[in-house]
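I opened my notebook and wanted to see how the copies are arranged. My notes follow in the order I looked things up.

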Protein chains: 4
Amino acid sequence: MKLWGGRFEKRTDKLVEEFTSSLPFDRRLYDEDIRVSDVHAMMLARIGLLTEEEAKSIGKALKDIKKDMEKGIFKFEDSDEDIHTAIERALIEKLGPVGGKLRTARSRNDQAVTDLRLYLKKETAETIKLIEGLQEVLIKRAENDGETVMPGYTHLQKAQPILLGHHLMAYFFMLKRDKERFEDCLESIDRLPLGSGALAGTTFEIDRAYAAKKLGFSGVIENSLDAVSDRDFAIDFMACASICLMHLSRFSEELVLWCSSEFGFVEMDESYATGSSIMPQKKNPDVAELVRAKTGRVYGNLTALLTVMKGLPLAYNRDMQEDKEVLFDTVDTLTSCLKVFSGMLRTLRFNHGKMYDSTYDGFMTATDVADYLADKGMPFKDAHEVVGNIVKHCLGKGMRLTDMSLAEFSDFSALFGRDIIDVIRPRRSVERRATVGSTSPGQVKEQIKTARKLLGRPAGK
Amino acid sequence: MKLWGGRFEKRTDKLVEEFTSSLPFDRRLYDEDIRVSDVHAMMLARIGLLTEEEAKSIGKALKDIKKDMEKGIFKFEDSDEDIHTAIERALIEKLGPVGGKLRTARSRNDQAVTDLRLYLKKETAETIKLIEGLQEVLIKRAENDGETVMPGYTHLQKAQPILLGHHLMAYFFMLKRDKERFEDCLESIDRLPLGSGALAGTTFEIDRAYAAKKLGFSGVIENSLDAVSDRDFAIDFMACASICLMHLSRFSEELVLWCSSEFGFVEMDESYATGSSIMPQKKNPDVAELVRAKTGRVYGNLTALLTVMKGLPLAYNRDMQEDKEVLFDTVDTLTSCLKVFSGMLRTLRFNHGKMYDSTYDGFMTATDVADYLADKGMPFKDAHEVVGNIVKHCLGKGMRLTDMSLAEFSDFSALFGRDIIDVIRPRRSVERRATVGSTSPGQVKEQIKTARKLLGRPAGK
Amino acid sequence: MKLWGGRFEKRTDKLVEEFTSSLPFDRRLYDEDIRVSDVHAMMLARIGLLTEEEAKSIGKALKDIKKDMEKGIFKFEDSDEDIHTAIERALIEKLGPVGGKLRTARSRNDQAVTDLRLYLKKETAETIKLIEGLQEVLIKRAENDGETVMPGYTHLQKAQPILLGHHLMAYFFMLKRDKERFEDCLESIDRLPLGSGALAGTTFEIDRAYAAKKLGFSGVIENSLDAVSDRDFAIDFMACASICLMHLSRFSEELVLWCSSEFGFVEMDESYATGSSIMPQKKNPDVAELVRAKTGRVYGNLTALLTVMKGLPLAYNRDMQEDKEVLFDTVDTLTSCLKVFSGMLRTLRFNHGKMYDSTYDGFMTATDVADYLADKGMPFKDAHEVVGNIVKHCLGKGMRLTDMSLAEFSDFSALFGRDIIDVIRPRRSVERRATVGSTSPGQVKEQIKTARKLLGRPAGK
Amino acid sequence: MKLWGGRFEKRTDKLVEEFTSSLPFDRRLYDEDIRVSDVHAMMLARIGLLTEEEAKSIGKALKDIKKDMEKGIFKFEDSDEDIHTAIERALIEKLGPVGGKLRTARSRNDQAVTDLRLYLKKETAETIKLIEGLQEVLIKRAENDGETVMPGYTHLQKAQPILLGHHLMAYFFMLKRDKERFEDCLESIDRLPLGSGALAGTTFEIDRAYAAKKLGFSGVIENSLDAVSDRDFAIDFMACASICLMHLSRFSEELVLWCSSEFGFVEMDESYATGSSIMPQKKNPDVAELVRAKTGRVYGNLTALLTVMKGLPLAYNRDMQEDKEVLFDTVDTLTSCLKVFSGMLRTLRFNHGKMYDSTYDGFMTATDVADYLADKGMPFKDAHEVVGNIVKHCLGKGMRLTDMSLAEFSDFSALFGRDIIDVIRPRRSVERRATVGSTSPGQVKEQIKTARKLLGRPAGK
């Protein structure tokens, strides 16, 4: 069915029908569309444009349509341009002319975007929950495995020893920002466009506040042109998703590295790894790789919608129909990534021994030695130079820092005392970083405490 | 079925199976996968790794599987990770152990990318044909409607009169570049990766040249690591598609403008326009709008794959599985845009009168007046100034250039003669632009002649 | 000068020095770097790592360096890798070894990102002010020019009459969202990374809260790894800028359309338009075109940084140096666009008559006629059909809706009464759209009132 | 100076002058602009629009202006909108009215794009040379270091042993495609737009073929509208650059991995590495990191120009001025990356021993064992299963494959013979991969031979 046609004499070309149809993807919004129609009918009854009876019969018919949709027995027709048309057509088939009254004081322009906002509110709330779920996994692993001393890297070169818990909590705080971002996003979604008509509002004395309340929106959009032309909320969601997945892509990259035989820091659970059709020994971190890759996919979605919206004059243009597929794909991609990432992280095994042993390579406490000298009064700049020479010396001899004797240290500076031998131990290095935000066990515990508070769940629950 | 598992003790998590499965989208490659397997079997027979009989039974079973796929009765199983696994599983169910021999000297890494190249070769050839189809429409409309004088714009301000045919041929030449680009792309696709194994080649003495010939590839890829790690051809296609759609988006923008009531230069055929659910008078250029928007979508796909491939170490990484959906979507989007755009352009009606009348506004022959003076010896810079003043004069009086008398012209410069009255006629302006590439009727005919030659079809065919 | 080198025996290659140097762009941060160093020195004194005297002499020397920078007489050296090195070098030249002490408990990793956050805090606040400035222009123009009835469009086809003020206020509310977005962004910037060292924090007992307070940050970042690895705030800013410019690009597109001779709705002030080197009559809306284009540029910057950050393992990687140029360019582009757009909008002239006259074309009150019938009890669906036929009738006769007599209306439905003649007047159409968010004069006044309240400035100020 | 103004009564706003000026970046094109003007003058003389003397004086004055530019003593004025205006102004200052004649039969629209094509032709040729230079380094390193057996990876998991030379040659062939792409690009740049005027061509009887020949273009563009509206060539270059840098980003990622202490496969030369301001032991692969990051920057540039060009109506729009900065930045970024990458690769040291030893871990010859069984008649599917079990056995015992005795092998299959002991040696695995494109020493030599032929330089030169 078409919702228009009076002024047309020719049928739409088959190719055009297919090209312009949004039904293949917007049928996902059937539940939202039905809720919106139901509330619209109640509102029309409230202001006297429908009788109570009409509104009720519409409500009942919508319920039946919903059931048919859920059972998969709803019959779509080729000429249904979109989910809104399909439902209105079915309504008229069921109720006759009364079904046609639902279109009073409403346009597809405000209806479609209301459906989309309803949908995205639900999905954003779900996303926030999934983020919290992953944060919970991070906290638990930090609590249970976090005391291990492991190498911290910059430039993928060994830099300074850190606690595994410190590393895990870094991701907790990235996700904290993600959550806040999605919360801001949720606020921006939570406004009702319904009642804006095609673009200019409506001549009927509708009650938008009532509709907003019934649909659970916090308020109505103040300008009808803006209401039907605005897709900021979808872009906001995709920008948030891009950044969130960027964070997961970083962790994924690390997990790919860490389960290489060279690093050997983690072992994926077999239920979260896959093999090779040709190489019998392979156990691949496919989940981490795919999460990393899907980040690019979501960037692409963001690029697409930003590009679509650029330079569009007000109000609605058909270009805006391209909002849905990229948004749906972003929602699906992000939520599945969050789920599977949580599972992967929960089940993987840390090789604590390997991590710890690894901190003895790469002169990871060289900064501690320089700090030691600076603490004894040598300008840091000079201390840096001295330790650089010590490193050069060790490299030449094939020694580690912990192989150095006090005597050897003293060759480089008279300031070295016997305590230097303690200073160069990786665990000691970690313990001594005890200011706010640093990697000492105490500070990591503080972070976990803060995190628990933010999540609102006591430890062990 | 899984193609691996020997070293695993645990089942893959359900969530992971779903997350990593490519079957929902790579089943599109079933035909290519079957062709590749058939040729691989023949090749294995040729080098003695299969008996003739085995190869034949495999060939026959593959044919049966293909039929089942085409009839839609092939039974996929949840554990089928991808189309390759599904087909191998079915083969083994049909043939027993012989089916398992097909995996000799082959990996999914080289198999999957061979399928994809086969597919994209076909689609690129199809794309080139669709471009030629649109070029043909452009030529025909230029031949039949091209003599109309219309406004040419810069900055969307009226600039100089041009022929409609000149405008249409501008798009012909953009599409000419698109076609060449896709031809270059086709060459880059046309190389066989099969025989590269997982990454290092194979220990079996396979005959890659034979497989290339049988599958219609022009040659084999020289380096096995490169063969399985390379997705340039997919990026190439998406870059070509982005530029091609960018061209169509420009024409679409113009058509949207031109069928506004303000311009009124074209009327969409009713079979290529749609209406509004609320505004009974509307006839909207949805096709042009959607083509314009889908340009953004394809940009997004390009961004996605470029991002996915950035920084991936050799050889295959699971990230590369993300190549398919964006590529398939790009192919589908581009081909449907080309088809529907051709139809729209073929059926739309030009309002020749409106176009022509419109050239009398906006002082469109002001440059001709300046050229006139320059031709009489005034430095162009000064001529520009003089005509600027004439325009200011007209604006003040609410006059058009063609309302000016010789006497009035003479007030601005003694160089004006009576022939100036001819010079300011829009059609004359067009006729006088007669050098190569300019807009005179003769030059536009030359362009059409060149175009016909490039397309290889004589006029009227 | 280099801040490292002890373990190196070879000089850095000239090409590498140039390639890796960030001085050409990060010198913009000299003021922030000096402030951060000054506060760091005070903090070191506070915890006893510098004497008061040392801190003071450092403070004084920094002041001198700043003056030299501002006068443009500071001497950079080829070997200065970045602004931090240049300033530290100069400090040591001035003070000797004491200058080298400033590096205690600090790394370039935390220092550089502290500088960048300080800078972006300032620029974000400035951006918010510029947005408010543009909002103010919108309100003023809506107050002074807003009562004009003009065509509202969908699909760039005439849709329904609206008030110019309604159109202008649509942009006000887009900018309102932009402002809120930048305010959220500002919060995310406003956290101090200093004290995180290279990645693991520091062994010195520093006072981060003190530094935060002195530098005006609202708090310290909780995890040192996150602190040096995080560039979310820069991406946030660029996402906000992308959306804000997307809004301006839409308005720019409209202004380009509106000052075409076909629309003729606005005239750019001559001080905001440019001419052509060859066509003496041209007056081009270059500012609007460039704002539209620069939107693409900022999208590119966003894409760039998102791509750079994808898949980076913790903590700092040199890749992150690429954050600055795209961020600086985004700041410069956005702020100049906001400024010049405000000026353009403030100075342009609306052609009220042309706008109003234009509402009589295109059957813009057809919806009102359908609403009229629906109001009389006809299902909207049927009313739509009837009015579609009226439009068809008018098209055939070359009539406008306002040319229809009551008798002619009655031929299409018996429900039409004499009041239909009033209903089809564009101004009446606008007046009747009087629910919240609709385009009636009363509602537009409400919007302006809301807007004034949001801006915190009474009318006339 | 402005090239227009006759019809204007007001000065351009200062802010607008700054905002629209392209001089800060297009001054880079001064040499091209002068060459184009010189040829244009000669052409005008040839067709009698200038006297020989006038053309000569213009040529001489242009030469002087060029000298001033090169010496840095050319005086730009604030009102110079772009390099074209600046040069024309200077010309008129030198020659008086004759200078103004140069604008005959030319517009900034065709002039600017001619300059840009000239520039990009030169830079593309230079880029191709730099690619060849890097290919040469790859060949040399493959010749000198290529025989080392190293681990090949998929999913960053050890997969199969390969030759270092094979790995290096994979990049050679990627760069081969890059070179071909830039050669295609060069062809698309190599067409002359000059003579297309503002958009419609020119009324003067100019000789475009002459100008093309003098400027070294292979032909003229066939349609004047297309000539001034087309920026495909710039997008082509940026797409090529994106793919080329994508390749370098992959190699960069590998180098970052390889010089981690975990992999230890390479050591950067000290002249190509940098240190840390705080950690004295650090030696960071900054060059590789920055090349990887700058890939994102160039992706951003591509996104920007694609977005700018989307939906632009013909012909020239000011939006297109945004082509230059992103193009220049792409040229600069790509050429500097190619140069510095070549140097880094030329100077780095491969740790052959570390690479070779590493192939004994990770069961890298498991596929060879499966192939061995398949060769003896076991279906590959079953062989894969058997070897999976062997791997599981080894993992349990902490054994390598090479630790297995024949007896132990025989426990898993009766098909194992004594030659299996040879089969599991990494070098043997490589040697046995001897078909076209595989990794055996013979095949790698073939690749090098092919590569040398492609580069046109015999070995040792």
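Entry one: chains A and B. I superposed chain B on chain A with a rotation of 180° and 0.0 Å of shift along the axis. The RMSD came out at 0.1 Å. I noted that the two copies are thus related as by a two-fold rotation axis. I must remember that this is a predicted model.

Which C-alpha in chain B is nearest this axis? I found that of B:Gly300, 2.0 Å from the axis. I then looked at the contact residues of chain B and found that 100% of them recur in chain A.

Entry two: chains B and D. I superposed chain B on chain D, again with a rotation of 180° and 0.0 Å of shift along its axis. Here the RMSD was 0.0 Å. Of the residues of chain B, B:Ala239 comes closest to this rotation axis, with its C-alpha at 3.4 Å. I also saw that 100% of the contact residues of chain B recur in chain D, where the same surface serves both copies.

How many residues does the largest nonpolar core have? I read off 609. A:Trp258, B:Trp258, C:Trp258 and D:Trp258 have the most contacts inside this core.

I picked D:Trp258 and left aside its neighbours within four places in sequence. Its contacts include D:Met150, D:His167 and D:Phe350. D:Phe251, D:Phe263 and D:Phe265 are also among them.

Definitions and conventions. Residues are numbered from 1 along each chain as its sequence is written. Chains are lettered from A and ligands numbered from 1 in the order in which they are written. This is a predicted model: local features need pLDDT of at least 70, side-chain atom pairs count only at pLDDT 80 or more; totals for chains, interfaces and linings use all residues. Side-chain values use heavy atoms; hydrogens and water are left out. A nonpolar core is a set of buried Ala, Val, Leu, Ile, Met, Phe, Trp, Tyr and Cys residues joined through side-chain atoms within 4.5 Å. Buried means under 20% relative accessible area, exposed over 50%, partly exposed in between (1.4 Å probe, protein chains only). Contact means heavy atoms within 4.5 Å. Copies are superposed by least squares on the C-alpha atoms of residues with pLDDT of at least 70 in both.
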